[in-house]
Amino acid sequence: MIEIIDLGLIHFKTALLKQKQAVLDVASGGPDLLMLCEHPKTITLGRKYKEANLFQSRDSLNKQGFTVVEVDRGGDVSLHAPGQLIFYPILNLKRNNLGIREYLKKLEQVAVDLLADFDIVANGDDGNRGIWVGQRKIASIGVGVSRWVTYHGMGLNLYTDLSLFNVIRPCGLDIQMTALSGETKKYFDMSEIKCRSAENFKKVFGDK
Amino acid sequence: MTPVIVPDLGDGVTKVEVVMWCFDQGVSVRKHDDLVELVTDKAIFNVSAPVSGILKKIYYSSGQEVSIGCILGEIE
């Protein structure tokens, strides 16, 4: 049984605290969770980040309303903003008999299946983790695991203001970002997408 | 001494990189504390303390690559 929790629009650090508490609960035998949310403008720096991948000083970014946070996840620089749907699975890998790579692939599959519902052909990439529509990146992945329980997760651009990405080199790569609204020329209701995402997540991770 | 071992991460992962230790050598740790961070693909994996005690030995430090099954350190 996977519980779905909608955190709405929530500060990154507050959501991280909720994840860390949930990790302890799941590690102690509690049910797996999927937290869904959006964040205000936030730039996160993974353990492998390079300062050169921030195109402006942290002071300048703060003045523009970005919160910059160093986080205990893999990967380089990432950006969150309203219109990006965040998936934070709190999943016990041992209990689900999953290795790390298999887990990452399944997480990618959740986004690929969701995008397929809107006739968008997207793919994961073992070399450059994340979800790609052609050469354009639509979702980024960076996860942490503690006591075999996952936290952090995936950010999928639905109608994110893509110009915000101009202040960073996303994931340390010279790439173009995209969003579902840009690919389809339509606007999407976040609540509806959250419902579909929860269904897809349960299907991919085998929850009845 | 109880070894702190790089666990089997599944799916053919054979090597990982040590990101950082959360404790210094000689410090007391509790069972289940996140002890050392490893990274593979885009995942940070925290190896937790198998027992409570003193972190007596750290054999690998940040940036070093280690194999699955390798002893990272020891707790007494």
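Among contacts in chain B between residues at least 6 apart in sequence, 55% join residues at least 24 apart; two residues count as in contact if their C-beta atoms, placed from the backbone, lie within 7 Å. Please keep in mind that this is a predicted model, in which local features need pLDDT of at least 70, side-chain atom pairs count only at pLDDT 80 or more, and totals for chains, interfaces and linings use all residues. Residues are numbered from 1 along each chain as its sequence is written, while chains are lettered from A and ligands numbered from 1 in the order in which they are written.

**Chain B overall**

- Chain B has 8 strands and 0 helices, where helices (H or I, at least four residues) and strands (E, at least two) are DSSP runs numbered from the N terminus.
- The radius of gyration of chain B is 11 Å, close to the 11 Å that the globule rule gives for 76 residues, so chain B is as compact as a globular protein of that length. This radius is taken over C-alpha atoms, and the rule is 2.2 Å times the number of residues to the power 0.38.
- The C-alpha trace of chain B spans about 30 × 20 × 15 Å along its principal axes.
- Of the 76 residues in chain B, 36% are buried. A residue is buried if 20 or more other C-beta atoms lie within 10 Å of its own, exposed if 12 or fewer, and partly exposed in between, with C-beta atoms placed from the backbone.

**The chain B sheet**

- Chain B holds an open sheet of 4 strands in the order 1-8-6-3, with antiparallel pairing; two strands pair if DSSP finds at least two bridges between them.
- Its edge strands, each pairing on one side only, are strand 1 (2–5) and strand 3 (28–29) of chain B.
- Strand 3 of chain B runs antiparallel to strand 6 (residues 53–58) of chain B, and 2 bridges join them. Ser28(B) has Ile54(B) in strand 6 as its bridge partner.

**Where the chains meet**

- Chain A gives 18 residues to the contact and chain B gives 17.
- On the side of chain B that touches chain A, strand 4 (34–40) and strand 5 (43–48) of chain B are the elements that give two or more residues. Strand 5 of chain B gives the most, with 5 residues.

**Cores and helix 3 of chain A**

- The largest nonpolar core has 64 residues, and Ile90(A), Ala111(A) and Val145(A) have the most contacts inside it. Such a core is a set of buried Ala, Val, Leu, Ile, Met, Phe, Trp, Tyr and Cys residues joined through C-beta atoms within 7 Å.
- Helix 3 (residues 100–116) of chain A supplies the largest share of this core, 9 residues.
- Apart from this core lies another, of 13 residues, among them Ile43(A), Val71(A), Val77(A) and Phe165(A).
- Not counting residues up to four places away in sequence, Ala111(A) touches Ala122(A), Ile131(A), Ala139(A), Met154(A) and Leu156(A).
- Buried residues of helix 3 of chain A include Tyr103(A), Leu107(A), Glu108(A) and Ala111(A).

**The chain A sheet**

- An open sheet of 3 strands in chain A has the order 4-3-5, with mixed pairing. Its edge strands are strand 4 (67–70) and strand 5 (77–80) of chain A.
- Strand 3 (residues 42–45) and strand 4 of chain A pair in the parallel sense over 4 bridges, and Thr67(A) in strand 4 is the bridge partner of Thr42(A).
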